[in-house]
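Have the structure open as you read.

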Amino acid sequence: MKVIKRDGTEVEFQKEKIAIAIEKAMKSSTGLYQEGVADAIAQEIEDFAAKLGRKMTIYGIEEQVYYKLIEHGNPATARAYENYKAVQEFKRRQNTTDEQVLGLLNLDNPEVMDENSNKNPAISSTQRDLIAGEISKDLARRKMLPTDLLQAHDSGAIHIHDMDYIIQPIFNCCLINLKDMLENGTVINGKLIESPKSFQVACTVTTQIIAQIASGQYGGQSINGVDRILAPFVRRSYDKHFRAALLEQTEIYGIEANEEAAESVAWSRTRKEVKDGIQTMQYQINTLMTSNGQAPFVTLCMYFAEDFAYAKEAALIQEEILNQRYVGIKNEAGIYITPAFPKLVYVLDEHNAKPDSPYYYLTKLAAKCTAKRMYPDYISAKRMRENYEGQVFAPMGCRAFLSPWKNEQGQYVSDGRFNMGVVTLNLPQIGILAEGDEDKFFAILDKRLDLVKRALMLRYELLAKVTSDASPIHWQYGAIARLGKGQSVVDLLKGGYATITMGYIGIYEATKLIRGVSHTDAEKGTDFALKIMKIMNEAVDSWKQETGLAFALYGTPAESLTNRFCSIDRARFGEIEGITDKGYYTNSYHVFVQENISVFDKFKFESQFQTLSKGGCISYAEIPNMTQNLDAVETMIRYIYDNISYAEFNTKSDYCHDCAFDGEIKVNEKTLQWECPNCGNSDRRRLNVTRRTCGYLGENFWNEGRTKEIKDRVLHI
Ligand SMILES: [Zn+2]
């Protein structure tokens, strides 16, 4: 029996193909999987074709599938099947990006323009990056992704992140091995950079390294212990200044060498150099524009052990970084504002977390800085050690965490490791489809987990083809590794060295849909939320066993995804009170933004989810202006040390160029535009608004859903 294809050619009739297409539609978009139905329909169509007495066309078969699905009482799958065909149709089209690109050029494509609050789409170099992104997405959609995965993405079942970068051989985020690069030298643009001989030069080289790395990847880069890594260079500078001071005494002033006096001179010159060096880094990072059309996403994590040989120098670096951040950076009007980068992370440990700890003065300074500038964020070394085999290390970018890994010598290694990519699961959609039925919820979840795994494996397979030539700074000159030219990177992807993560969004909404309450409801909600976490963890563990890749569970930042998933579900299922009518879903395991809960209860509650979200997590508290109440800020920070692994505070310090208002700029309820409360100015170009949108701060405004979410946030104090 023959079938006539779209192009007029003929192929053999294969009922298996029909069954496979139906199954994919069942699993990808609706999740309403019914055992045996696909085979039954395929059989019925074969019988029908046999009786027909003439050749069937592909279109005829597709029509039959649709009607049979309706007949079998599965209208949702019938629609999914139609969708599946529409996506395939799209993939056959030749040019699909014209409108998106033109929308960018004319600045009337808000979806793409506000997708990333760190990219300003009006700037032509950023436009170029966004246009490249649109073309990359289009190619990935038509040529690389299997139709059912693409359909799952389009229907909001899952989200394949960073599709604008998928066609290129680059990964997500990492902890760069800056120590190795500074101590053993590196190469930038084919030029040898030797180990710096002073702190000032080390800071300049570090900034150059950061810029180069940012252009070769799409996620964030972190320096795991910037104070620890740069401290030996402070010593080098000090020794240099000390020798110079001694020499000046005898040769210039003609007096007898006095070591004590030389030490004092050397130390004061060193302090000045540390100040200048940190300033160089802060200004350069904030003023750099990489080939991604944005400032590099850099995280500086500060942490040294009490018995560290360079503790004095490391403490000085921390002090300087915090002091300078507290001051801020001048905007174009010459007013000091809150810079978005680099993100700062401050690690709390026994030697700085208690009022009688020797380095508590640094924690006090951190508290003052947080109250004014939102950074630093805080890691509790004590709680982190419980979750990560006794290890303490920086998040990659804003919140991704590595899984502990040991080298052949049995030593734990963090620096030079990275994350391959993320695919996020839409939990509220499963909740909607399950219609309050808990068993159905977990049955659908099970099918969706397969989709996530397949999408992640695709990312791995693309990266596995990469050679070290794709980004020499990463693979050949120390940021990640020191491979030879042309060498494959595949060994670094395997065996747990690199992580690969499943994200999730909307634990709150899913619990609300199934149990009718928030997941903070200890009697009716929390156990369900924890069960979802447990099942997702079991899934990533089993994939890890099966593939040898370090799969991990990750609380997705969802900067614009919060809106995307919710909009798709609202279009498909209508306005559901408290779920799709909000315009956004709640990030990861977070407490719903409108829920009244104290900072302490929130951190305590969310801490149990951090333990179950080891591939990435961050908790925050929304606080008012507390610059006049630093004791309370310190109390909250000490609470973090005892109770939660990784947390941050959100506050507001905005600026209006028209009236010089320096306070909280709010969203107008009606227009959803940002508006100065003092003079009513709503011109984005004449407002500085900085908010925490994910683990980073954003300052170029947000999509409608995220704006609503920001507007809805209630204080936790
Ligand atoms: Zn104003």
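In which kind of crossing, left-handed or right-handed, does α5 pass α7? The model is a predicted one, and in it α5 passes α7 in a right-handed crossing. Helix α5 spans residues 98-105 and helix α7 residues 124-144; their axes come within 10 Å and cross at roughly 165°. An angle over 145 degrees counts as roughly antiparallel, so α5 is roughly antiparallel to α7. On the α5 side, the contact is made by Gln100, Val101, Leu104 and Leu105, and on the α7 side by Gln127, Leu130, Ile131 and Glu134. By class, these residues are five nonpolar, two polar and one charged.

Now for the other helix pair. The axes of α20 (residues 507-515) and α21 (residues 526-547) come within 9 Å and cross at roughly 125°, which makes α20 oblique to α21. This crossing, too, is right-handed. Ile507, Ala510, Thr511, Ile514 and Arg515 of α20 meet Phe528, Ala529 and Ile532 of α21. The contact has six nonpolar residues, one polar and one charged.

Here are the two pairs side by side:

| Helix pair | Axes come within | Crossing angle |
|---|---|---|
| α5 and α7 | 10 Å | roughly 165° |
| α20 and α21 | 9 Å | roughly 125° |

Finally, the strands. Strand β17 (residues 619-622) runs parallel to strand β18 (residues 646-650), and four bridges join them. Ala621 has Phe649 in β18 as its bridge partner.

Technical notes: Residues are numbered from 1 along each chain as its sequence is written. This is a predicted model: local features need pLDDT of at least 70, side-chain atom pairs count only at pLDDT 80 or more; totals for chains, interfaces and linings use all residues. Axes are lines fitted to C-alpha atoms, for helices over the stretch in contact, and angles run from 0 to 180 degrees between N-to-C directions. Helices (H or I, at least four residues) and strands (E, at least two) are DSSP runs, numbered from the N terminus. Angles under 35 degrees count as roughly parallel, over 145 as roughly antiparallel, 65 to 115 as roughly perpendicular and the rest as oblique. A crossing is left-handed if the near helix is turned anticlockwise from the far one by less than a right angle, and right-handed if clockwise. Two residues are in contact if their C-beta atoms, placed from the backbone, lie within 7 Å. Ala, Val, Leu, Ile, Met, Phe, Trp, Tyr, Cys and Pro count as nonpolar, Asp, Glu, Lys and Arg as charged, and the others, Gly among them, as polar. Two strands pair if DSSP finds at least two bridges between them.
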